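This report describes a single protein chain from its coordinates.

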Amino acid sequence: MISDHRREKVNQEIKSVGDTAGRNWTAVRAKVAADIDALKAGVARAKHDLDARHAESYAERLEWEAGVAIDYAIASVEQAKLAVLDAVSSRAEAEKAKTS
C-alpha cells in the first residue's frame, strides 16, 4: 500500500508537471502568435514595396508616353509648317503659270 506521504509527493509532482506543461503551452502559444505577427508584418512590408515599385513603374511609363506625345506634337507642327510652305509655293507656281 502507498503511504500518505508518497501519495502526497506523487500528487505534488503531477500538479507540478501540469503547471509546467501549462506554462510551456502558454509560451508556445505566445511564440506562435509572435511568429504569425512577424510574418504578417513581413507580408505587409513586401506588399507595400511591391505597390511602391508598381506605382513607380506606372509613373515612368506615363512620363515616357507623355514624352512621345510631345515629340509627336512637335513633329506634327513641323509637318504642318512644311505643308504650308508647299501650299504657298504651289500657289505661287499656279499664279506664275496663269500669267505666262
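## Overall form

What radius of gyration does the protein chain have, and what would a compact globule of 100 residues have? The protein chain has 43 Å, whereas a compact globule of 100 residues would have a value near 13 Å. The radius is taken over C-alpha atoms, and the globule rule is 2.2 Å times the number of residues to the power 0.38. Along the principal axes, the C-alpha atoms fill a box of roughly 145 × 15 × 5 Å.

The model is predicted: local features need pLDDT of at least 70, side-chain atom pairs count only at pLDDT 80 or more, and totals for chains, interfaces and linings use all residues. Residues are numbered from 1 along each chain as its sequence is written, and side-chain values use heavy atoms, with hydrogens and water left out.

## Secondary structure

The protein chain has one helix and zero strands. Both element types are DSSP runs numbered from the N terminus (helices: H or I, at least four residues; strands: E, at least two). Helix α1 spans residues 4–99.

V10 has its place in helix α1. Between V10 and L39 there are 29 residues in sequence and 43 Å in space, C-alpha to C-alpha.

## Exposure and surface

Buried residues make up 0% of the 100 residues in the protein chain. The classes rest on relative accessible area (buried under 20%, exposed over 50%, partly exposed in between; 1.4 Å probe, protein chains only). V10 counts as partly exposed because its relative accessible area is 44%. The protein chain exposes about 9100 Å², and carbon and sulfur atoms supply 63% of that area. Areas come from the Shrake-Rupley method with a 1.4 Å probe; for residues, only the protein chains shown count as cover.

Which residues form a nonpolar patch on the surface? The patch consists of W25, V28, V32 and I36, which together have about 370 Å² of accessible area. Patches are made of residues with over 30% relative accessible area and no salt bridge; like charges are joined within 9 Å, and nonpolar side chains (Val, Leu, Ile, Met, Phe, Trp, Tyr) within 5 Å. V28 lies in helix α1 and is partly exposed because its relative accessibility is 42%.

## Charges and salt bridges

The protein chain carries 16 positive and 17 negative charges, and their mean positions are 10 Å apart. Lys and Arg count as positive, Asp and Glu as negative, while His and the chain ends are not counted. Each charge is placed at NZ of Lys, CZ of Arg, CG of Asp or CD of Glu.

The structure holds six salt bridges, each defined as a side-chain nitrogen of Lys or Arg within 4 Å of a carboxyl oxygen of Asp or Glu. One of them joins D35 to K31, with the closest N and O atoms 2.8 Å apart. D35 and K31 are four residues apart in helix α1, about one turn; D35 is partly exposed because its relative accessibility is 39%.

E78 pairs with K81 in another salt bridge, the closest N and O atoms being 3.3 Å apart. These two residues of helix α1 are three residues apart, about one turn of the helix. E78 is partly exposed because its relative accessible area is 39%, and K81 is partly exposed at 46%.

The side chains of E95 and R91 form a salt bridge at 4.0 Å, N to O. R91 is exposed because its relative accessible area is 52%. Salt bridges with shared partners join R91, E95 and K98 into one network.
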